[in-house]
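Please keep the structure open while reading.

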Amino acid sequence: MVNTSLILHWHLDVSTLLLAAIFIAFFYSVTRFKRQRNNKLFAGVIILLLLLLSSPLHYLAMHAYFSAHMIIHVILLLICGPLLTLSLAGTDHPLLNRLSRFFNKNIWCAWITGVGIMWIWHIPALFDMAMANHGSFAPVFPLLQSGSLLLAGVVFSWPLLGPEEKLHTHALSGIVYLFTACVSCSLLGLLITFAPQGTYHYYHMGGSGYNPWNISHIEDSEAAGLIMWVPCCFVYLSGCLWLLYRWFISGSGVKLNNVR
Amino acid sequence: MSEETDLNVPEPTQSIPGLGVSNNQGLLQWISSVDHKQIGIMYLWLSLLFLVIGGIEIMLVRTQLAVPNNDFLGPEAYNQLFTMHGTTMIFFVLTPAIFGFATYFVPLMIGANDMAFPRLNALSFWMTFFGGFLLYFSFLAGGAPDAGWFNYAPLNQYNYSSSPGINYYCSGLLLSGIGTVTASVNFIVTILKYRVNDMGLKQMPLFVWMILINSFLVLAAFPSLNAALVMVLLDRQLHAHFFNAVGGGSAILWQHLFWLFGHPEVYILILPIFGIFSEIFPVFSRKPIFGYGFVVGSGIAIALLAFGVWVHHMFATGLGNTVNNFFAASSLLIGVPTGVKIFNWLATMWGGSIKFSVAMLFGIAFLVEFTIGGLSGVSFAIVPIDWQLTDTYYVVAHLHYVFIGGSLFGLLSGLFYWFPKMSGRVLDERSGRWFFWLFVVGFNTTFLVQHALGAMGMARRVYTYPDLPGWGILNFISTAGGFLMAIAVGLLIYILVRAVRSGSKAENDPWDANTLEWTTTSPPNLKNFEQVIPVKSTRPFRDYKRPDDADWNRKEEYGK
């Protein structure tokens, strides 16, 4: 049975505000709030971010469940990150232009950043260290974790949704880009699902001793892995289908270097 | 060149010699060939040979099951026969037949004169060929594999199967698996690099699209099987412990590795069939395909989803409710893109001027049978139903509705459609209709009743069964249907041989078809094309024949 007091667990901490402030400052410095549509989208993402990181879901993630933690990760990486990139659409700024050109030429850098950061934070020792630090006055690791996941989402989506549409990667290459990320995500999810008990020490030791839904540790860590494995892949798959749709409605037929 | 050391490989001096060996170099021209058409035909002959062998095996099995408590076959022989039947039909009938059509028609459909790597093409075929024969050598070497086509641990371990059969299973499938991977590399390069200049990806025939998607699927799925086969060999030959729980290994690991390959394999055997039907429905409905983009998109969606659902084969292994729930949900989703395709084909036929040739009859029958197989498949996504029905004849019925009602019907449809092009001869449509009806009636008689047998609790892979109410009669009906199918296959072979020997000559374009392969001679010359017609839509040959009504000249796109 759901603990009724859970929905009252809203906590807005300094690190979350700091993270939002950094992103707002960056957004202002490159866009000067010139485009209404972008501003609205950006405001939406920041509100989502603040709600997410202060919500009871976040409280559960920090004190009780690995699976709740994973939902936060997925929303940061696969929803907030790409939406932040979209909020820069059409923005003409030397730094953004340089980034677009760079990722157009070195798409693998974006892939490695997106996938790599996700993997790194799930190295058990690093993960436990970040969680152990969350209760302190200046929680550096949770800030780093949320911030880097958000950044990973931005960078990963840049070659597909970046501000300069001409420098987007080809839709069909984009499908391969997303599919390989999906495979990597599945692999990590699989490892977490079938990891021996106690791999993620913090949750195995009972987090903060809070368990409102009486979920066993093994079920919780399985669910965490499976959230990364199955729903994540459907996000990537939806991205693939969207790219394909965009390719089909685009004007001319595409040729991949015919030589005959 | 030194004459002592180098073999003189005969170069053909005449056009491709139809389907026979009566040419100036005899059999050697076939064995030494690197021509995609000859290799494609050899794939198809190989597939037919193994269809007969695998068919004989299953007729022995069905004879054993015709009546309760039968002792026609002992349990050991029974285990070997059903294992060899499944392995043969999947790896050495359906796969080579699909690759045969793809090897023959992909270059022709994209306006190329051969595959990108002709020698690799020959290597792929011969790997498959020798893989098959290596597998069958096990009968002479002390016993065929006997742990089912998916070769579960611990049954694949030495303690449970001490005959060398499983070793041959591993070696044979490893060889043919390498052949499948190399062929897929060849298809990808050929399709991406050797299309005629005009042909963008959006003008590509859907069969070629499906082969492209399929080839990526093969590249992603087969390494898992190949690695697992090596691991079993290591377990059996060098006493490794990958799948041996006593030694610290995991039997479930085999299931993960196998189904990581095995579920995509199901789509590897059906996506090209979707491609074949996406060519046949428009030609025999006299309409463009309805929703070209959706056929491609759902094909890609199926390929991507293939890697996210394999655990539904393992619901009964005790992975727990958490795992089962996620994979139940994802497995239900698979029905969506497949359903999309069914509606694509139905809408293609809708309002069309349908010609009921044998190829089209198989297409229409496919829509019915494959939907039955799809629906019984979706029922397995519901975990309690899976627990109730797993390892029963309901599964046997389901997988045959998919593999026969889906894959084999597609291949037979493709055979009747493309045979005139490959041989220069026409398959007799009247006898073909007899074959169609015999085969369809036989197929449904065999497998429809097995749904009931499974629901009544009859376990698969057990060599006999007790005389429980209804079991005897339903099994007898199933066996009778099996014999009807065998008679039908005999008739098919007769039709093929008669057509090759004395069939009437085929025109270059007997079906008034749409794609480039029909622009060349029947059978094509050694060099497929001297010139290729312009490609401006998905139906370039039709555009060429009817310039006033060309697809590219219309406002609407993609199949209105």
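**Annotated spans and helices**

For chain A, an unreviewed UniProt entry lists residues 6-29, 41-60, 66-86, 107-127, 139-162, 174-195 and 226-245 as "transmembrane region"; positions follow the numbering used here, feature names are shortened, and annotations may be inferred rather than shown by experiment. The model is predicted: local features need pLDDT of at least 70, side-chain atom pairs count only at pLDDT 80 or more, and totals for chains, interfaces and linings use all residues. Residues are numbered from 1 along each chain as its sequence is written, while chains are lettered from A and ligands numbered from 1 in the order in which they are written.

Residues 41-60 of chain A are 95% helix and 0% strand, with end C-alpha atoms 28 Å apart. For residues 107-127 of chain A the figures are 86% helix, 0% strand and 28 Å. Helices here are DSSP runs of H or I with at least four residues, and strands are E runs of at least two, numbered from the N terminus.

Helix α5 of chain A (residues 94-105) has twelve residues and spans 17 Å from first to last C-alpha, close to the expected 16 Å (1.5 Å times one less than the number of residues). A:Leu99, A:Ser100 and A:Phe103 are buried in α5(A), and because these buried residues fall within an arc of 100° seen down the axis, they line one face of the helix (the arc is that of the directions from the helix axis to the C-beta atoms). Buried means 20 or more other C-beta atoms within 10 Å of the residue's own, exposed 12 or fewer, and partly exposed in between, with C-beta atoms placed from the backbone. Exposed residues A:Pro94, A:Arg98 and A:Lys105 sit on the face of α5(A) turned away from its buried side. The cover over the buried residues of α5(A) includes α6 and α8 of chain A.

Helix α9 of chain A (residues 171-193) has buried residues including A:Gly174, A:Tyr177 and A:Cys185. The buried residues of α9(A) pack against α6, α8 and α11 of chain A, together with α9 and α10 of chain B.

**The contact between the chains**

Chain B and chain A each give 24 residues to the contact (C-beta atoms, placed from the backbone, within 7 Å). On the chain B side, α9(B) supplies the largest share, six residues.

Notes. Contact = placed C-beta atoms within 7 Å.
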